[in-house]
Amino acid sequence: MRWIIKLDEGLARLSNLCGWVACIAMILMAVNVFYDVVSRYAFNEVSIGMQEMEWHLYSIVFLFGIPYALRTDGHVRVDVFYTNWSNKAKAWVNLVGAVIFVLPFAYLIGTYGYAFALDSYSMGEGSGDPGGLPHRYLIKSVIPITAFFIATAGLGMITYALRVMSGEKSYTSEHSAGGLA
């Protein structure tokens, strides 16, 4: 059981790292939007590159936020039933959900995302708009990278569920969107 605890703690750190990346990207996106709005309405200047950067930063927020949400139970589920279940029943739901849904989803996203990013790189894809951002493959390469982190979050769901089943942990406010696991 000791190795499961160490593995679970390591996976939690990876998911928390994803949360920090998403948080920093959100702050950068807010600064970017502020700059874009001020330059547009105060100085009548429009930057296609800055507008595209908003979408790129939003992509990072979304893609890196998924593993963090999975780890902290911040994702959407039917809480009408789940809330009243015992910790062991919740653990079984999370274990089966991670094995049947999260890990295969991460595999598919990683496989297709890698090919998607590779095609973009081989074409030297950039923005189609004048003044847009070059090297669009950089943001597309985030997709397979986050697939890895989604898979580690799915493994983290499994290890946490095993710890709950053993009685060492429970699904309380500690393991919810309000707190870090």
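Colleague: What makes Arg-71 and Asp-8 count as buried or exposed?
Modeller: Both come out buried, and the cut-offs are under 20% relative accessible area for buried, over 50% for exposed and partly exposed in between (1.4 Å probe, protein chains only). This is a predicted model, where local features need pLDDT of at least 70, side-chain atom pairs count only at pLDDT 80 or more, and totals for chains, interfaces and linings use all residues. Residues are numbered from 1 along each chain as its sequence is written, and side-chain values use heavy atoms, with hydrogens and water left out.

Colleague: Why is the contact of Arg-71 and Asp-8 called a salt bridge?
Modeller: The term asks for a side-chain nitrogen of Lys or Arg within 4 Å of a carboxyl oxygen of Asp or Glu. Arg-71 and Asp-8 have N to O at 2.8 Å, so the pair qualifies. Arg-71 sits in helix 2 (residues 48-71) and Asp-8 in helix 1 (residues 2-43), so the bridge ties together parts 63 residues apart in sequence; helices here are DSSP runs (H or I, at least four residues), numbered from the N terminus.

Colleague: How do you know that Asp-36 and Arg-40 form a salt bridge?
Modeller: Their N to O distance is 3.8 Å, so it falls within the 4 Å limit. Asp-36 is buried at 5%, while Arg-40 is partly exposed at 29%.

Colleague: Why is Arg-136 called partly exposed?
Modeller: Its relative accessibility is 23%, so it lies between the 20% and 50% cut-offs. Its salt-bridge partner is Glu-52, with the closest N and O atoms 3.9 Å apart.

Key. Helices (H or I, at least four residues) and strands (E, at least two) are DSSP runs, numbered from the N terminus.
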